[in-house]
Number of protein chains: 2
Amino acid sequence: MNAKNLNISTGGIRIILLNEKDAISMNLKQSDRVSIKAGRNKTVAIIDITNDSSLIKQKEVGIFKETKDEIKSKNGQKVEIKIITKPNSIYYISKKLRGKRLTEKEMHEIIKDITNKKLTDVEMTYFVSACYMYELNMKEIVAFTKSMVDTGKKLNFNGRKVADKHCIGGVSGNRTTCIVIPIIAAAGYLIPKTSSRSITSPAGTADTMEILCEVNHSIKSMRQIVNKTNACLVWGGSMDVAPSDDTLIKVEHPMSLDPVGQMLASVLAKKKAAGATHCLIDIPVGPGAKIESKFKAFILKRKFEKVGKAIDIKVKAIITDGSEPVGNGIGPALEARDLLWTLNNDKRGSTKLLDKGTYLAGKLLKLLGEKDPYNVAKEIVESGLAAKKFNEILVAQGLKENSAEKIKIGKYKVNVISEKTGIVKAISNMEISRIARIAGAPSDTGAGVYLKKHHSGYVVK
Amino acid sequence: MNAKNLNISTGGIRIILLNEKDAISMNLKQSDRVSIKAGRNKTVAIIDITNDSSLIKQKEVGIFKETKDEIKSKNGQKVEIKIITKPNSIYYISKKLRGKRLTEKEMHEIIKDITNKKLTDVEMTYFVSACYMYELNMKEIVAFTKSMVDTGKKLNFNGRKVADKHCIGGVSGNRTTCIVIPIIAAAGYLIPKTSSRSITSPAGTADTMEILCEVNHSIKSMRQIVNKTNACLVWGGSMDVAPSDDTLIKVEHPMSLDPVGQMLASVLAKKKAAGATHCLIDIPVGPGAKIESKFKAFILKRKFEKVGKAIDIKVKAIITDGSEPVGNGIGPALEARDLLWTLNNDKRGSTKLLDKGTYLAGKLLKLLGEKDPYNVAKEIVESGLAAKKFNEILVAQGLKENSAEKIKIGKYKVNVISEKTGIVKAISNMEISRIARIAGAPSDTGAGVYLKKHHSGYVVK
């Protein structure tokens, strides 16, 4: 067979393309695994089949970029193809599909192969479906978490206490992270925080922070920021901690799946890999939040704390009110402005955001062993130390904007006036999110919704 | 955005490729659906994302062949991309993933979208997993079957009785189909048979028949063959009956899955679409066969007959001995030679193959309403009418070889002599299959295993 380099990247697994006739005569099927050898270089690749002879003639092998990078094939070079057996991880996935439990070794093998891009999207989808339908038990979740940690990069801070926090999401304008981090850092603890961008919400913490400073940092640069300020607030996507998680998210996205076991593993693996020793988990509960019932939230809380214990992180999970948006602004720029006002004790800030942020910081300080933690947190905010620390972090990450007034908000606006006089009974997270997204958030950073009233607020027609 | 035609076929769904930066700024994720418009032509495509700017620069859209065929994009042409909502079938798949039952309308929508290549491999994999883990009930299987029939081509034979037979597989050298078909045709009934090629066995019926005659025929040519001879024995792959089945098989292959509900739907949909009114199903049972327990075989038998009734085919399912290979030859050429010897009442033929074939033909004749069906079948064989009819079919399909002696068998051979004197207690289907495949079958047509002894046979050291 002769190589034909296609100069196309699949963004993942190594693939080679065969003409249908060759595939039939070699008895190879779509997604079969082969070893391919060009000169002395050899790798494993997955078969793709075409009946388009203008692209791949018989006796030709189309080489995608990832495969070419491995075997350094030249156009027209002779290559040798041999069918090989499936990796063991396939059998373990198949075992889980039949409703069986996976051992630590089996789970590790699956996660290792996902990390090394040895499994196809279809194979990973079977794994995700199986984990979704046959919920993972505690042993499996712990094995999953450990495997995710072991197969990625790890940070460590020489035995120092490292704090972290995480919110499982589902509530708009919930930027408490940006209040908690400067408080903890100002209290003298390390808190290197990585955040995600929005997937289905109007803004993720990374999207909001990006209005104020640079958030794309390498692990090295992140360390320098933490050394300077005790903290950071960067985007976690380029860190390569628990990389299998990002790969799995791709196949979960089309169905909007988020199996509980996998969510637990993903959250705690990232914390562990980032060196966390103490971690606070915020579980907002309410209609329209990710978790709608207190009972389910309680089960989840227990699981978080158990897995944390098994992987040697002190985890405290708390159940908070998720029935309405936390801050006033929803959308990257509106949230960033909110944040600066709130931290600077400006009266335009959001009381609820400040209260929740300070409360969470107190909880985390308590977990870290601080005496009188709630008063410590409160004092750090009221004295302006939190605002000062936050500004330090912005500068260390690469300041873009630290004046609330200068943040660019979208040009067009509509004021929505209540049609009745009375008291606000409920606010729908989902509808507010939807409106903010339709307005253009998060890609249009200035777009969003600004709430003048919250739950129990008085409105006049 | 400017079009860049990639001249690459995906062999299925329509795909466009975006630069990662554009995807982020448009808030598009891998596998999102968009509408794409070039001039007046518009279609729906799935997003693929690359970070390789040498392939797709910012503001460029890579157009795969299937998409280009729809929108006739020219290189550099301005195209417009808009995000669109997911098809309803995705929500139905998600419903099944949560363990709910699907209605007829929902099932139809899924199968229709699979047939029209509107679902990605990942989405189809979720469907297959869900059907595997939450077994389909009778209503769902019937809806599945009807949808498969309705979304493909259909044959009809003007109200005449049309016979068919199917074996669920798993037993080597089981070429009874080639005995049954000429008997039924010689008895005066229509029996247009389509067969598959081997997937995991050393030979499928189509592989064996291909040694003797052409098996690739269009529906039109198949009709002509049936008009001439009452029967045919062609490869079903190019017929476009129940096309969704072939699409689903692709995502089942990596895990070697074969969910029962889907198997029932697939088999009976193909029979229904091919115009069958009477159908015999052979369920071989034994260690190493596809079905190992009589109890499971019985459940399956009942399901086949029930689904048959619901789609208006008279189905008779019978449980047969699947504990050892049926014929002597295993592998395309060895089986073809076996077949000619057997049909021609040559003493080198296989008694077991002849007996089973004649018995199955009798069962099918009985289902068709024939009186004294077993004797009719026996007489057709003994009088040489079956052999004559078989030859007619070979000629009508395009004869390659009808002399057993002239069939080319592999050059190299090893005789395996028993190490003990005694009686054969068991023969492993799986091991025999494995050896035949390792020898090269089915792609190397002359390769395989030839059994001199069967179960209960006397062997001398």
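Is A:Asn158 buried or exposed, and what is its relative accessible area? The numbered points below take this up after the setting and the interface.

1. Basis. This is a predicted model, in which local features need pLDDT of at least 70 and side-chain atom pairs count only at pLDDT 80 or more, whereas totals for chains, interfaces and linings use all residues. Residues are numbered from 1 along each chain as its sequence is written, chains are lettered from A and ligands numbered from 1 in the order in which they are written, and side-chain values use heavy atoms, with hydrogens and water left out.

2. Interface of chain B and chain A. The area buried between the two chains is about 3,900 Å², of which carbon and sulfur atoms give 62%; buried area here is the accessible area (1.4 Å probe) that two parts lose on being put together, summed over both. B:Tyr126, B:Met133 and B:Met255 supply 19% of the area that chain B buries against chain A, more than any other three residues. The contact (heavy atoms within 4.5 Å) takes 43 residues from chain B and 43 residues from chain A.

3. Polar terms across the interface. The count of salt bridges between chain B and chain A is zero, a salt bridge being a side-chain nitrogen of Lys or Arg within 4 Å of a carboxyl oxygen of Asp or Glu. Eight residue pairs, both at pLDDT 80 or more, are in polar contact across the interface; such a contact is a pair of N or O atoms within 3.5 Å, where within protein one must be able to donate a hydrogen and the other to accept it, and residues adjacent in sequence count only if both atoms are side-chain atoms. H5(B) gives the largest share of the side of chain B that touches chain A, 10 residues.

4. Nonpolar cores. The largest nonpolar core has 128 residues, and those with the most contacts inside it are A:Phe127, A:Phe304, B:Phe127 and B:Phe304. Apart from it lies another core, of 46 residues, among them B:Ala231 and B:Leu233. A core is a set of buried Ala, Val, Leu, Ile, Met, Phe, Trp, Tyr and Cys residues joined through side-chain atoms within 4.5 Å, with buried meaning under 20% relative accessible area, exposed over 50%, and partly exposed in between (1.4 Å probe, protein chains only).

5. Enclosed elements. Nine of the 10 residues of helix H7 (residues 177-186) of chain B are buried, so this helix is largely enclosed by the rest of the structure; helices (H or I, at least four residues) and strands (E, at least two) are DSSP runs, numbered from the N terminus. In strand S9 (residues 231-235) of chain B lies B:Cys232, which is buried with a relative accessible area of 0%. B:Cys232 and B:Pro192 are 40 residues apart in sequence, yet 4.9 Å apart in space, C-alpha to C-alpha.

6. Backbone geometry to check. A cis peptide bond joins A:Ala441 and A:Pro442, with omega about 5 degrees, and the bond from B:Ala441 to B:Pro442 is cis, with omega near 0 degrees. A:Lys117 has a positive phi, near 55 degrees, and is partly exposed, with a relative accessible area of 34%. A:Asn158, in the loop between helix H6 (138-150) and strand S7 (163-167) of chain A, has a positive phi near 50 degrees; to return to the opening question, A:Asn158 is exposed, with a relative accessible area of 70%.
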